[in-house]
Amino acid sequence: MPQMEWVWLAALIVFAILEAATSTLVSLWFIGGSLTAMIAALCGADIWLQLLLFFAVSALLLVALRPLAKKYLIPRAQPTNARSNIGKRAIVTEEIDTLRGKGAVKLAGIEWSAYSKEDAPIAVGSVVCVTDIEGVKLCVERVEEKEEKA
């Protein structure tokens with residue numbers, strides 16, 4: 001039977017390389033389990049105790065550290081309030097011509113790039129309604145004259 005401390009050292013190295021090669025935590029728990037089992041092997045523990053320690057420490061590290069890792073290491077999307085502009089009205093400051101890829105509107109004092117799903121250009125000074133936001137561009141549609149007077 002091989003000297004188990006070398007087997008555990010090899011396992012530790014493999015788990016460490018695997019952990020370093022990925023961007024997520026996949027084998028950090030097994031590194032701790034391998035280290036514990038290797039120390040037990042160096043102290044002369046039986047194979048069953050080494051295996052028990054490996055699985056117990058790995059499971060304990062997984063249960064204890066996974067929630068902390070998810071909370072602090074996994075990036076979260078930063079919500080913005082830009083989507084609150086959907087449904088609001090804006091004034092066209094640069095003719096919106098989606099085919100030419102140009103257009104701008106002023107909404108709450110801020111100039112935004114804009115486009116429309118309509119084929120016809122929307123003239124400067126027209127009132128539009130924001131229907132969607134894609135990146136830093138507002139998707140707008142022309143507000144009908146009757147709707148504007150009401």
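Colleague: What is the handedness of the crossing of H2 and H3?

Modeller: The crossing of H2 and H3 is right-handed, where right-handed means that the near helix is turned clockwise from the far one by less than a right angle, and left-handed that it is turned anticlockwise. This is a predicted model, in which local features need pLDDT of at least 70 and side-chain atom pairs count only at pLDDT 80 or more, while totals for chains, interfaces and linings use all residues. Residues are numbered from 1 along each chain as its sequence is written, and side-chain values use heavy atoms, with hydrogens and water left out.

Colleague: At what angle do the axes of H2 and H3 cross?

Modeller: The axes of H2 (residues 28-42) and H3 (residues 47-72) cross at roughly 150 degrees and come within 7 Å; axes are lines fitted to C-alpha atoms, for helices over the stretch in contact, with angles from 0 to 180 degrees between N-to-C directions. The two helices are therefore roughly antiparallel, given that angles over 145 degrees count as roughly antiparallel, under 35 as roughly parallel, 65 to 115 as roughly perpendicular and the rest as oblique. Helices here are DSSP runs of H or I with at least four residues, strands are runs of E with at least two, and both are numbered from the N terminus.

Colleague: Which residues meet there?

Modeller: From H2 they include Trp29, Phe30, Gly33 and Ala37, and from H3 they include Leu53, Phe54, Val57 and Ser58, with contact meaning heavy atoms within 4.5 Å. The residues of this contact divide into 11 nonpolar, 6 polar and 1 charged, where Ala, Val, Leu, Ile, Met, Phe, Trp, Tyr, Cys and Pro count as nonpolar, Asp, Glu, Lys and Arg as charged, and the others, Gly among them, as polar.

Colleague: Is serine 58 buried or exposed?

Modeller: Serine 58, which lies in H3, counts as buried because its relative accessibility is 4%; buried means under 20% relative accessible area, exposed over 50% and partly exposed in between, with a 1.4 Å probe and protein chains only. Leaving aside residues up to four places away in sequence, serine 58 touches Trp29, Phe30 and Gly33.

Colleague: And how do H1 and H3 run relative to each other, parallel or antiparallel?

Modeller: The axes of H1 (residues 4-21) and H3 cross at roughly 20 degrees and come within 12 Å, so the two are roughly parallel. Met4, Trp8 and Phe15 in H1 meet Ile47, Gln50, Leu51 and Phe54 in H3, and by class that contact has 6 nonpolar, 1 polar and no charged residues.

Colleague: Changing topic, how many disulfides are there?

Modeller: The count comes to 0 disulfides, taking a disulfide as a pair of cysteine sulfur atoms within 2.5 Å. Cysteine 43 is exposed, with a relative accessible area of 67%, whereas cysteine 129 counts as buried at 18%.

Colleague: Where does alanine 108 lie?

Modeller: Alanine 108 lies in the loop between strand E2 (102-107) and strand E3 (110-116), and has a positive phi of about 55 degrees although it is not a glycine. Its relative accessible area is 73%, so alanine 108 is exposed.

Colleague: Last one, what order do the elements of the chain run in?

Modeller: From the N terminus on they run α-α-α-β-β-β-β-β-α, which comes to 4 helices and 5 strands.
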